[in-house]
Amino acid sequence: MTAEAADSTEAVGSVAPAADPGFLQRHGGAIEYVLIPGAALAGALGVFGIFVAMFGKNPLDLYFYMYYGAFGTWFSWQNTLTRAAPLILTALCTALPAQLGMVIIGGEGALLIGALSATSAALVLQGMPPLIVQIAMVIAGVIGGGLWVMHSGALRQYRGVNETISSLLLVYIALAVLNHLVEGAMRDPASLNKPSTREIGAANMIGSIPGTDVHWGLVFGLIAAIAAYILIYHTVFGFAARVAGGNIRAAKIVGLNVSKLILTICFLAGGAAGLAGMVEVAAVQGRTNANLAAGYGFTGILVAFLARQNPLAIIPVAILLGGISASGGLLQRRLGLPDASVLVLQGIIFVFVLASDALYGRIRFLKGKS
Amino acid sequence: MADGSIGLWTVPLAVLGGAIRVSTPFLFVSLGECITERSGRINLGLEGTLVMGAMSAYGISYLTGSPWLGVLAAGITGALLGALHAGICSLPRVNDVAVGIALMLFGTGLAFYLGKPLIEPTAPRLPAIDFGWWSDIPQVRAALRVNVLFLIGVALAPILYWAFRTTRWGLLIRTAGESSDAARAMGHSVLLIRLRATMVGGFLAGIGGSFLSLFYPGSWNEGLSSGQGITAVALVIFARWDPLLCLWASLAFGGAAALGPALQSVGVTSGYHLFNAAPYILTLAIMIITCSPKRTLTGAPAELSITR
């Protein structure tokens with residue numbers, strides 16, 4: 001295994017691809033998975049540059065400030081990574097059900113319910129040691145978000161209700177529940193202008209990774225993504241899920257319990273987004289209010305599609321899109337672009353990425369027969 | 001009664017007025033989506049189309065002073081977004097549901113971007129016809145102030161119903177939706193039929209958006225549409241792809257959506273947000289009742305990916 005790996009790295013290092021006729025046949029597929037999304041991204045940036053130029057801004061300035069605001073300084077890197085953390089988790093909410101062939105777009109709802117559950121847990125356990133409160137918040141966030149998305153899975157399996165539409169409707173219902181509780185039963189009387197719950201307390205916040213301003217939520221995200229990757233590609237359960245996603249009839253014939261697969265995967269997916277909500281409460285906001293509906297759930301859908309639903313690929317893609325949203329503030333201040341420009345760019349990227357699906361297997365030189 | 005106070009009767013009246021006023025965007029989006037889905041493709045991006053339509057209608061109405069030009073601009077914007085959806089979907093191996101989600105984000109983002117300067121100014125709004133002239137009670141008069149677009153939408157539903165059944169175009173759209181092979185065998189391009197159906201669907205959804213910004217609520221801001229577009233797409237499914245049922249369902253939805261503000265106006269403020277979520281809860285409930293895992297829905301176009 002190690003010898004083989006060393007061998008292949010040597011081949012990449014010493015032999016130029018063109019000189020090795022077998023190289024593209026062996027690695028063409030992998031290259032395709034990097035090259036095509038990369039080209040789609042470049043195309044989207046190009047179109048966005050033209051769009052911005054129509055409003056009299058210099059596209060080169062745009063690219064410079066985007067790079068500078070996302071990855072130019074240590075400060076912007078930290079900003080980027082802080083935003084990437086919830087994106088990794090909400091992207092898993094779309095990517096995990098996608099293994100079963102389901103399109104779930106309700107990550108935003110699970111995030112809100114997760115945040116609400118985690119806040120409730122912290123408020124109930126006030127006065128307990130912080131570690132216990134934090135663990136309870138994680139559990140509450142995961143269960144809250146998990147059950148929320150599990151509804152969509154159960155409705156699909158038992159009632160034949162389309163999961164894409166039901167999960168999106170549940171986002172609006174989650175927002176209504178949050179507003180109802182935050183302005184009613186859970187309202188902190190001291191929060192006048194912005195109705196909020198009481199604060200979970202400074203001691204219960206999860207804090208930053210030592211030496212940085214990046215909170216521990218990033219580590220939660222990395223662990224969740226790696227765990228999801230192992231679950232899907234290296235366990236029997238994940239194999240069963242991919243079989244059911246590929247051919248549901250074959251899965252039933254070999255005796256797989258499809259209902260159990262769907263419910264479990266949807267629970268884990270919602271749990272990931274619920275954890276994102278817990279992280280936003282315990283590391284950023286300190287309480288639950290309408291600020292939590294910041295669109296991380298919707299950007300997560302884009303992350304999952306750009307990563308082609310692969311849990312490991314989600315990590316770099318989430319950092320990239322976290323960077324784009326981190327640079328939004330700088331674009332606003334330096335170029336006078338409206339804050340919605342990040343949304344426009346995300347939309348253009350999404351459209352390009354989906355259109356690029358048509359290119360797979362069609363680039364001739366990648367098949368090794370030039 | 002003599003003093004004009006009608007007490008709790010305000011609530012059903014407001015719900016009736018709401019059914020007329022709030023239902024119009026639902027009606028236009030669902031009729032548009034009905035055409036698109038009958039051709040065998042689903043466009044989830046109509047939420048974005050609705051918001052873009054609202055923004056462009058408001059902008060054009062403000063610039064030209066004519067709200068009807070605004071309505072036209074909204075329709076054209078919607079048709080262009082529909083063409084974009086159909087164009088991408090006609091590429092091989094591209095999933096129409098995913099493209100819809102992408103256009104939902106793109107449309108809303110673009111509308112917020114272009115609409116930034118439109119939040120302040122006031123644009124001329126669409127006129128209303130007063131059907132409540134016979135009454136002295138202000139609430140009745142308010143409930144019966146009907147917009148022309150609503151009447152157009154109500155007329156459109158039976159026209160579409162008839163067109164699907166008897167006209168050449170209706171048959172072609174249904175053929176493309178039931179069996180693309182059959183349409184191809186007849187010598188028609190399925191992609192072209194679906195392109196046109198999606199453009200018409202986008203046109204109607206854009207007009208639905210213009211109603212939001214030019215009549216009710218009647219201004220442009222970023223919170224204008226919160227899911228009306230997607231609710232209307234779901235509505236088509238339980239209206240069984242029937243334009244007449246779309247009309248009744250839209251009216252029911254408008255009534256449900258007016259419940260929250262109506263209760264608030266008589267002083268019932270607790271649960272305001274929950275009542276505002278009534279249309280979504282209603283959609284979900286009706287989908288749970290009417291869908292079945294055992295069979296595909298009656299009336300579902302066979303080519304539609306979402307019914308499987």
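Helix 13 of chain A is mostly covered, with 13 of its 16 residues buried. A residue counts as buried if 20 or more other C-beta atoms lie within 10 Å of its own, as exposed if 12 or fewer do, and as partly exposed in between, with C-beta atoms placed from the backbone. This is a predicted model, in which local features need pLDDT of at least 70 and side-chain atom pairs count only at pLDDT 80 or more, while totals for chains, interfaces and linings use all residues. Residues are numbered from 1 along each chain as its sequence is written, and chains are lettered from A and ligands numbered from 1 in the order in which they are written.

Back to helix 13 of chain A: residues 311-326 reach 22 Å from the first C-alpha to the last, close to the 22 Å expected at 1.5 Å a residue. That expected span is 1.5 Å times one less than the number of residues. Helices (H or I, at least four residues) and strands (E, at least two) are DSSP runs, numbered from the N terminus.

Here is chain A at a glance.

| Property of chain A | Value |
|---|---|
| Helices and strands | 15 helices and 0 strands |
| C-alpha spans along the principal axes | about 70 × 60 × 40 Å |
| Buried share of the 370 residues | 49% |

Because a compact globule of 370 residues would have a radius of gyration near 21 Å, the 22 Å of chain A agrees. The radius is taken over C-alpha atoms, and the globule rule is 2.2 Å times the number of residues to the power 0.38.

Leu92(A) touches, among others, Ala269(A), Pro311(A) and Ile314(A), leaving aside residues up to four places away in sequence. Two residues are in contact if their C-beta atoms, placed from the backbone, lie within 7 Å.

Gly29(A) sits in helix 2 (residues 21-54) of chain A. Because 13 other C-beta atoms lie within 10 Å, Gly29(A) is partly exposed.

Finally, the contact between the chains takes 38 residues from chain A and 40 residues from chain B. Helix 5 of chain B gives the most to the side of chain B that touches chain A, with 12 residues.
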